[in-house]
Amino acid sequence: MRLVFAGTPDPAVPSLSALARSSHEIATVITRPDAPRGRKRVLTPSPVAAAAQELGIDTLKTARLDEDATARISEVGADLGVIVAYGGLVREPLLSVPTHGWINLHFSLLPRWRGAAPVQHALIAGDRVTGAAVFRLVAALDAGDVFAQREVPVRPEETAGELLHRLAEHGAELLVEVVDEIGAGNALARPQTGEPTLAPKLTIDDGRIRWEEPTGRVLDRIRGTTPEPGAHTTVDGARLKVLRAEAVHDVGPLEPGQVVWADKRVLVGTRDGAIGLLEVQPAGRGAMAAADWWRGLRRDELRIDS
């Protein structure tokens, strides 16, 4: 089949690469425009744009799938549109331009976690199983009939970034299988069943650690907001990112937010116990071992501001 592929960030690249290796033809790639990146704010192509260039595929860079974009895509004569984390909405009349419409690879087990940040919300909520789903794109948010889903267990210490990387690989395989089935004329999509939950884009406050929560919830939030928007707390009025932490079970009671140095570990109290900080990033500095950060403070103990 002749495909149009829409995607932008790193997690979409495995799908683009897998489709490029398949028997199908990618006629054009749609991605977001070049954006400033790094400290010097250098204008940089999206990961999907860079991959498409290496593959020699024609690319349309656009922030909106508007009338002009629809006209250009219509000229391609695509059999199917495929979207993976493009970062924009596909509406009519573009939804009906490809012969078989559009399909979407989503990184959750629908209808759980419809929205922009399914992996982060799954971890914050403490889900121990998630997955990837390929569904028919419709006007309503992530509500189309599902062609296929694949469950993926969440590893105990996995961050959102690490889990998303794994789901991108699993999802790419699933996506090619569905495209093959659509091309062969034997694909079957079923309505979503169950109560939907929503996964809107995270804010900075979503990464704020709530030390009054139980230990498990604190660790889930840290993992679920790493690397973006970043798990953080406030110490002496300055933001401190928490990059890695672990549960500890061999310490006496600590108040939520109380920080102590014990047995060569930086420990912080939660509602029902404590966690050990392993790696942190103070404001304006690079990542460092939590022990090195603590030594630099030269304190016996402290209480986190928030």
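Colleague: Which hand does the crossing of α1 and α2 have?
Modeller: The crossing of α1 and α2 is right-handed, meaning that the near helix is turned clockwise from the far one by less than a right angle. This is a predicted model, in which local features need pLDDT of at least 70 and side-chain atom pairs count only at pLDDT 80 or more, while totals for chains, interfaces and linings use all residues. Residues are numbered from 1 along each chain as its sequence is written, and side-chain values use heavy atoms, with hydrogens and water left out.

Colleague: At what angle do α1 and α2 pack?
Modeller: The angle is about 20°, with the axes of α1 and α2 (residues 47–55) 9 Å apart; axes are lines fitted to C-alpha atoms over the stretch in contact, and angles run from 0 to 180 degrees between N-to-C directions. The two helices (DSSP runs of H or I, at least four residues) are therefore roughly parallel to each other, the term for angles under 35 degrees.

Colleague: Which residues meet there?
Modeller: From α1, Val13, Leu16 and Ala20 meet Pro47, Val48, Ala51, Ala52 and Leu55 of α2, where contact means heavy atoms within 4.5 Å. The residues of this contact divide into 8 nonpolar, no polar and no charged.

Colleague: And how do α1 and α5 cross?
Modeller: The axes of α1 (residues 13–21) and α5 (residues 160–184) come within 8 Å and cross at roughly 40°. The crossing of α1 and α5 is right-handed.

Colleague: Which residues make the contact of α1 and α5?
Modeller: On the α1 side there are Pro14, Ser15, Ala18 and Leu19, and α5 brings Ala168, Glu169, Ala172, Leu175, Val176 and Val179. The contact of α1 with α5 divides into 8 nonpolar, 1 polar and 1 charged.

Colleague: Switching topic, what does Ala291 touch?
Modeller: Ala291, found in helix α7 (residues 290–297), touches Trp261 and Val266, leaving aside residues up to four places away in sequence. Ala291 and Val266 are 25 residues apart in sequence, yet 6.3 Å apart in space, C-alpha to C-alpha.

Colleague: Which element gives the most to the lining of the second largest pocket?
Modeller: That is β11, with 5 residues; β11 (238–248) and α6 (215–224) each supply at least two residues of that lining, a strand being a DSSP run of E, at least two residues long.

Definitions and conventions: Nonpolar A, V, L, I, M, F, W, Y, C, P; charged D, E, K, R; others polar. Parallel < 35°, antiparallel > 145°, perpendicular 65-115°, else oblique.
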